[in-house]
Amino acid sequence: MTKLTNKDKGGRPKVVLTQKQIEEVGELSQRLTIEQIADYLGIGQTTFYELQKRQPEVSVAYKKGKQKAVNWVTSKLMEKIADGDTASTLFF
(Lines give C-alpha, C1' and ligand atoms only; values in the text may rest on other atoms or scores of the structure.)
Protein backbone atom coordinates (compact mmCIF):
# COMPACT_ATOMS: atom_id res chain seq x y z
CA MET A 1 0.00 0.00 0.00
CA THR A 2 1.40 3.39 -1.02
CA LYS A 3 1.23 6.23 1.47
CA LEU A 4 0.17 9.52 -0.10
CA THR A 5 1.96 12.69 0.83
CA ASN A 6 0.41 16.16 1.02
CA LYS A 7 1.69 16.82 -2.48
CA ASP A 8 0.23 13.64 -3.98
CA LYS A 9 -3.24 12.90 -2.69
CA GLY A 10 -4.21 10.96 -5.79
CA GLY A 11 -7.22 11.59 -8.00
CA ARG A 12 -7.61 14.22 -10.64
CA PRO A 13 -5.85 17.55 -10.31
CA LYS A 14 -8.13 20.44 -9.36
CA VAL A 15 -9.42 22.55 -12.23
CA VAL A 16 -8.18 26.14 -12.21
CA LEU A 17 -9.52 28.69 -14.68
CA THR A 18 -7.26 31.16 -16.45
CA GLN A 19 -8.05 34.88 -16.46
CA LYS A 20 -9.32 34.54 -20.03
CA GLN A 21 -11.67 31.72 -19.01
CA ILE A 22 -12.92 33.76 -16.05
CA GLU A 23 -13.72 36.63 -18.42
CA GLU A 24 -15.55 34.14 -20.67
CA VAL A 25 -17.62 33.00 -17.68
CA GLY A 26 -18.72 36.62 -17.19
CA GLU A 27 -19.74 36.95 -20.82
CA LEU A 28 -21.41 33.55 -21.05
CA SER A 29 -23.37 34.00 -17.83
CA GLN A 30 -25.36 36.76 -19.51
CA ARG A 31 -26.97 34.16 -21.78
CA LEU A 32 -26.30 30.65 -20.47
CA THR A 33 -27.12 28.53 -17.44
CA ILE A 34 -24.47 27.09 -15.12
CA GLU A 35 -24.96 23.71 -16.79
CA GLN A 36 -24.29 25.22 -20.22
CA ILE A 37 -21.24 27.15 -18.99
CA ALA A 38 -19.84 24.00 -17.38
CA ASP A 39 -20.37 22.10 -20.64
CA TYR A 40 -18.60 24.89 -22.54
CA LEU A 41 -15.65 24.63 -20.15
CA GLY A 42 -15.64 20.83 -20.39
CA ILE A 43 -16.40 20.30 -16.69
CA GLY A 44 -19.38 19.19 -14.62
CA GLN A 45 -21.76 21.45 -12.74
CA THR A 46 -20.40 20.29 -9.39
CA THR A 47 -16.89 21.19 -10.50
CA PHE A 48 -18.11 24.64 -11.54
CA TYR A 49 -19.65 25.18 -8.10
CA GLU A 50 -16.40 24.06 -6.47
CA LEU A 51 -14.47 26.44 -8.74
CA GLN A 52 -16.62 29.32 -7.52
CA LYS A 53 -15.60 28.46 -3.94
CA ARG A 54 -11.89 27.99 -4.70
CA GLN A 55 -11.60 30.91 -7.10
CA PRO A 56 -13.88 33.70 -5.84
CA GLU A 57 -13.14 35.70 -8.99
CA VAL A 58 -15.10 33.07 -10.97
CA SER A 59 -18.13 33.64 -8.76
CA VAL A 60 -17.77 37.42 -9.10
CA ALA A 61 -17.53 37.19 -12.91
CA TYR A 62 -20.59 34.91 -13.03
CA LYS A 63 -22.67 37.21 -10.81
CA LYS A 64 -21.62 40.37 -12.66
CA GLY A 65 -22.55 38.78 -15.98
CA LYS A 66 -25.97 37.74 -14.69
CA GLN A 67 -26.52 41.24 -13.30
CA LYS A 68 -25.66 42.81 -16.67
CA ALA A 69 -28.30 40.64 -18.32
CA VAL A 70 -30.91 41.52 -15.70
CA ASN A 71 -30.11 45.22 -16.08
CA TRP A 72 -30.48 45.00 -19.87
CA VAL A 73 -33.82 43.18 -19.67
CA THR A 74 -35.08 45.62 -17.05
CA SER A 75 -34.12 48.63 -19.16
CA LYS A 76 -35.93 47.19 -22.19
CA LEU A 77 -39.02 46.46 -20.09
CA MET A 78 -39.00 50.00 -18.67
CA GLU A 79 -38.72 51.44 -22.19
CA LYS A 80 -41.83 49.51 -23.24
CA ILE A 81 -43.67 50.66 -20.13
CA ALA A 82 -42.70 54.26 -20.87
CA ASP A 83 -44.07 53.80 -24.40
CA GLY A 84 -47.42 52.75 -22.92
CA ASP A 85 -47.21 49.00 -23.58
CA THR A 86 -49.97 47.62 -21.37
CA ALA A 87 -48.69 44.03 -21.42
CA SER A 88 -45.26 45.18 -20.21
CA THR A 89 -46.86 47.24 -17.47
CA LEU A 90 -48.91 44.27 -16.31
CA PHE A 91 -45.84 42.03 -16.43
CA PHE A 92 -43.93 44.50 -14.29
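How do the residues of the lining of the largest pocket divide into nonpolar, polar and charged? They divide into 3 nonpolar, 2 polar and 4 charged, where Ala, Val, Leu, Ile, Met, Phe, Trp, Tyr, Cys and Pro count as nonpolar, Asp, Glu, Lys and Arg as charged, and the others, Gly among them, as polar. This is a predicted model, in which local features need pLDDT of at least 70 and side-chain atom pairs count only at pLDDT 80 or more, while totals for chains, interfaces and linings use all residues. Residues are numbered from 1 along each chain as its sequence is written, and side-chain values use heavy atoms, with hydrogens and water left out.

**Largest pocket**
- The volume of the largest pocket is about 170 Å³.
- Its lining consists of Arg12, Pro13, Lys14, Val15, Ile43, Gly44, Thr47, Glu50 and Arg54 (lining residues have an atom within 4 Å of a point on a 1 Å grid, and a pocket is an open set of points with protein on both sides within 12 Å along at least five of seven lines).

**Helices H2 and H3**
- Helix H2 (residues 34-41) packs against helix H3 (residues 45-54) at an angle of about 95°, with the axes 9 Å apart.
- H2 is therefore roughly perpendicular to H3 (65 to 115 degrees).
- Ile34, Glu35, Ile37, Ala38 and Leu41 of H2 form the contact with Gln45, Phe48 and Tyr49 of H3 (heavy atoms within 4.5 Å).
- This contact of H2 with H3 has 6 nonpolar, 1 polar and 1 charged residues.

**Helices H3 and H4**
- The axes of H3 and H4 cross at roughly 110° and come within 4 Å.
- Phe48, Leu51, Gln52, Lys53 and Arg54 in H3 meet Pro56, Val58, Ser59 and Tyr62 in H4.
- The contact of H3 with H4 comprises 5 nonpolar, 2 polar and 2 charged residues.

**Aromatic pair**
- The count comes to 1 aromatic pair (ring centres within 6.5 Å).
- The ring centres of Phe48 and Tyr62 lie 6.1 Å apart with planes at 70°, so the pair is edge-to-face (over 60 degrees).
- Phe48 in helix H3 and Tyr62 in helix H4 (residues 56-82) are 14 residues apart, and their pair links distant parts of the chain.

Notes. Axes fitted to C-alpha atoms, helices over the stretch in contact; angles between N-to-C directions. Helix = DSSP H or I, 4+ residues; strand = E, 2+ residues; numbered from the N terminus. Parallel < 35°, antiparallel > 145°, perpendicular 65-115°, else oblique. 1 Å grid on protein atoms, 1.4 Å probe; cavity = no way out; pocket = protein on both sides within 12 Å on 5 of 7 lines; lining within 4 Å. Points joined across faces, edges and corners; volume = space filled by probe spheres on them. Phe/Tyr/Trp six-rings, centres within 6.5 Å; stacked < 30°, edge-to-face > 60°.
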